[in-house]
Amino acid sequence: MKLHLHDLTLRLRHPFTTANGTITVQRNLLVELDDGRHIGRGESPSSRSWPQFDSLSARIALEKARPAIESANFEQPAELWSLLQPLLAEHPFAFCALDEACHDLWGKRRQTPVWRLLGLSASSLPPTNYTIGLDTVDRMVSKMREFEGWPVYKIKMGSRDDLAIVRELRRHTSAVLRIDANTGWTVDQTLAVAPELKSLGVEFIEQPLARDDWEGMARVHRECVLPVIADEACQSEADIDRCAACFSGINIKLAKAGGLTPALRMIPRARALGLRVMVGCMCESSVGISATAQLLPLLDEADLDGALLLAEDIADGVEIHNGRVTLLEAPGTGARLRERCPTPPAMA
């Protein structure tokens with residue numbers, strides 16, 4: 001087994017602004033597992049919310065684990081995940097990319113899509129939303145019109161004009177709206193705006209408070225007229241039980257969780273606790289999005305628009321048209337590079 005690492009510089013379609021700041025370029029890491037016959041691929045994204053897990057830190061973590069990775073023998077992805085958990089537990093973004101690559105390789109070795117190997121059916125899939133980053137109202141309307149006709153839009157919040165933005169966007173679409181405050185609100189602010197948001201056709205609010213404000217979230221959970229979904233507060237399996245007392249559902253992001261393997265454990269646990277289950281993404285190519293999409297048959301909601309936020313994708317993969325996702329019959333996750341990535345320079 002050979003491990004290949006490639007730095008990705010992904011330019012965004014528009015500056016992407018949330019309550020945590022603005023980005024115009026996304027720097028991710030492409031991870032490949034090469035067994036000599038097949039190559040499995042995964043992607044480690046980056047996020048302003050988790051600056052300690054950037055692409056450089058992912059590369060360093062995987063380089064340290066390289067001997068164990070390249071000498072590992074495994075049949076199932078969960079076997080490799082368990083083997084490497086002591087080495088990569090503190091590096092979930094890197095672990096995610098490796099686990100995605102392992103699943104892709106698993107499917108390619110068996111000439112079967114991952115979703116089929118998981119025993120799932122693609123006959124009924126939730127739509128994905130399209131995310132509108134914070135901007136002037138006119139520009140947010142323009143961004144929505146670029147993807148007109150979608151059944152669901154996620155609107156980033158965190159400005160002084162949040163309600164005015166939602167009112168104006170509602171004038172231009174009858175679609176379902178979701179609100180994501182990215183920890184930018186207070187308890188009182190959330191409770192104050194929720195009734196009007198509900199009247200404007202908002203489905204739920206995602207992570208309004210700081211991720212460690214459990215007392216505040218418990219109050220919001222009791223008093224808010226809209227469901228509230230955990231994102232930043234739900235990082236891994238260990239957070240699910242606590243989220244059940246403070247949220248109506250969780251947004252699982254593979255990078256935070258450490259890959260598909262732990263996500264496949266998180267979903268049934270959340271269901272057992274009565275939580276809605278959503279899976280999200282960051283700004284990433286179709287390599288990462290195609291891996292995440294393998295979970296679609298298990299979900300209530302999906303946020304898989306990360307590759308659509310890019311000016312140019314590096315891969316083809318799952319197909320998304322007007323919010324409807326089509327899982328492919330191609331082996332593995334279905335992601336295929338459009339152009340071979342160059343071999344990166346050796347680490348110093």
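**Helix pairs**

I began with helix α5 (residues 137-146) and α6, which pack at an angle of about 40° with their axes 10 Å apart. Helices here are DSSP runs of H or I with at least four residues, and strands are runs of E with at least two, numbered from the N terminus. The axes are lines fitted to C-alpha atoms, for helices over the stretch in contact, and angles run from 0 to 180 degrees between N-to-C directions. I noted that the model is predicted: local features need pLDDT of at least 70, side-chain atom pairs count only at pLDDT 80 or more, and totals for chains, interfaces and linings use all residues. Residues are numbered from 1 along each chain as its sequence is written, and side-chain values use heavy atoms, with hydrogens and water left out.

I put α5 and α6 down as oblique to each other; angles under 35 degrees count as roughly parallel, over 145 as roughly antiparallel, 65 to 115 as roughly perpendicular, and the rest as oblique. Their crossing is right-handed, meaning that the near helix is turned clockwise from the far one by less than a right angle. On the α5 side I found Val137, Met140, Val141 and Met144, which meet Ile165, Glu168 and Leu169 in α6. Contact means heavy atoms within 4.5 Å. I sorted these residues into six nonpolar, no polar and one charged. Ala, Val, Leu, Ile, Met, Phe, Trp, Tyr, Cys and Pro count as nonpolar, Asp, Glu, Lys and Arg as charged, and the others, Gly among them, as polar.

Next I took helix α7 (residues 187-199) and helix α8 (residues 214-223), which pack at about 15° with axes 10 Å apart. That makes α7 roughly parallel to α8. This crossing, of α7 and α8, is right-handed. Val187, Asp188, Thr190 and Leu191 in α7 meet Gly216, Arg219, Val220 and Glu223 in α8. I counted the residues of this contact as three nonpolar, two polar and three charged.

Is Val166 buried or exposed? I found Val166 in helix α6 (residues 162-170), and at 0% relative accessibility Val166 counts as buried. Buried means under 20% relative accessible area, exposed over 50%, and partly exposed in between (1.4 Å probe, protein chains only). Leaving out residues up to four places away in sequence, Val166 touches Met157, Leu177, Ile179, Leu197, Leu200 and Val202.

**Salt bridges**

How many salt bridges does a search of the whole structure find? I got 27, where a salt bridge is a side-chain nitrogen of Lys or Arg within 4 Å of a carboxyl oxygen of Asp or Glu.

I looked at Asp7 and Arg59, whose closest N and O atoms are 3.2 Å apart. Asp7 lies in strand β1 (residues 2-18) and Arg59 in helix α1 (residues 55-71), so the pair ties together parts that are 52 residues apart in sequence. Asp7 is partly exposed at 48%, whereas Arg59 is buried at 5%.

Arg167 and Glu196 also meet in a salt bridge, at 2.5 Å from N to O. This pair links α6 and α7 across 29 residues.

Arg219 is partly exposed at 32%, while Asp188 counts as exposed at 52%.

Last, I noted a network of salt bridges linking Lys154, Lys156, Asp180, Glu206 and Asp303.
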